[in-house]
Amino acid sequence: MASSNHFFEGAEKLLEVWFLRTEDGQDLRNIPREDWEEVLKTVRCQIISTMKNESQDAYLLSESSMFVSDRRFILKTCGTTLLHNALQPMLELAKKKCGFHTVEDIFYSRKNFMRPELQHNMHRSFEEEVIILEDLFEDGAAYCLGRMNGDCWYLYTTDNPDSSKPGQVEPDQTLEILMMDLEPDAMKLFHKNGIDPAEIAKISGIADLEPGTIIDDFLFEPCGYSMNGLLPDGAYMNIHVTPEKEFSYASFETNVSKESYAELIKRVLNVFKPGRFVMTLFANKASPMYIDPQHKIGGWGERTNMTSATYPGDSAFQDQVLDYQRQDWQASQFSNYYLTFCNYAKVKTKPS
């Protein structure tokens, strides 16, 4: 039995960096594994396993995930890891090994921590994190969405409409679902119980979330589960589960291209059965979810009245999803991306 003071921070720090290609042959995947291992030592995590396809390399970590494609780097770490320690060495590797000198886009985000006092000073507050980011990147902007006295979500990103850097011209969209108060019965699978991780993926429904996903997963001792998934055309998926009842948490992230995530979201919620969750969706101008300011594109409609019926992800961000009621809904437009943020909570059944 876990001691009364045992705690693990499931909420991840998530970094995504896009580099501007200036010549042929530039590819982050040319950086050797041993170099990434040195970077991850400074973060206080290590590589458990890897898999790859023609588009990207996926690294399953002792604390979450890393994905490397030709010019995009994603690092996601949980617990008390020091993600910001990876920033400078990652930029230096991209420059020395691949010839990347310019960052085109950066996104750093996380949910508010349950116990921020347990984090290292650099991650104890979002303000401290932003100071470090501002020293390394230009044209940065910091935001907080959600409730300051409840579940909120922090974001630092580049947003300069007048910059000579145009931002992503290829389609890019990312859905993230951050779930808390997970149903204890659903969490029993994610404890060491003699069941193989691949079997857990089948029993739980994780293996059926998105057809064609190649899965690399791991079950931790005594509990906890991580999964990377690769799909065609540069798409990825990752799931991380902290199953302990007192601080249960699970995250789901994917960039698989869809005009609506509504059915996928329902499948995810049915796996983990959270009491509440935060959901975010990024979509750039080339994405199927982008709304042209002047024309109807992809069935989303005009943006003159920005409501949940017309904004990107409208079918996914309904007032009610399954038996969850939307608590907050916020929409932001950046120079090259739209962002939708929502909080949901399970509808409490009134006693008869």
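Just after helix α7, K273 takes a positive phi of about 50°. Helix α7 itself covers residues 262–272, and A262, L264, I265, V268, L269, V271 and F272 are buried in it. Buried here means under 20% relative accessible area, exposed means over 50%, and partly exposed is in between, with a 1.4 Å probe and protein chains only. Helices (H or I, at least four residues) and strands (E, at least two) are DSSP runs, numbered from the N terminus.

A word on where the numbers come from: this is a predicted model, in which local features need pLDDT of at least 70 and side-chain atom pairs count only at pLDDT 80 or more, while totals for chains, interfaces and linings use all residues. Residues are numbered from 1 along each chain as its sequence is written, and side-chain values use heavy atoms, with hydrogens and water left out.

Back to the backbone. D139 also has a positive phi, near 60°, and is not a glycine. It is found in the loop between α4 (126–136) and β7 (140–146), and its relative accessibility of 28% makes D139 partly exposed. D233 has a phi near 60° too, again positive in a residue other than glycine. That residue lies in the loop between β11 and β12 (236–242), and D233 counts as exposed because its relative accessibility is 76%. For a cis peptide bond, go to the step from E221 to P222, where omega is near 0°. P222 has its place in the loop between β10 (214–219) and β11 (225–230).

With 12% relative accessibility, T174 counts as buried. What does T174 touch, leaving aside its neighbours within four places in sequence? Its contacts (heavy atoms within 4.5 Å) are E16, Y236, E253, T254, N255, T280, L281 and F282. Take T280 from that list: T174 and T280 are 106 residues apart in sequence, but their C-alpha atoms are 8.0 Å apart in space.

Now for the cysteines. A disulfide is a covalent bond between the sulfur atoms of two cysteines. The rule used here asks for a pair of cysteine sulfur atoms within 2.5 Å, and by that rule the count is zero.

Finally, the charged pairs. Side chains of opposite charge can pair when their charged atoms come close. A salt bridge is a side-chain nitrogen of Lys or Arg within 4 Å of a carboxyl oxygen of Asp or Glu, and the structure holds 21 of them. One joins K188 and D185, with the closest N and O atoms 3.2 Å apart; both K188 and D185 are exposed. Another links K258 to E210 at 3.3 Å between the closest N and O atoms. K258 lies in the loop between β13 (249–254) and α7, and E210 in the loop between α6 (197–204) and β10, so this pair ties together parts that are 48 residues apart in sequence. E210 is buried, at 10% relative accessibility. R326 and D319 meet at 2.3 Å, N to O; R326 is buried at 18%, whereas D319 is partly exposed at 42%. There is also a network, in which salt bridges that share partners join K111, D151, D181 and R276.
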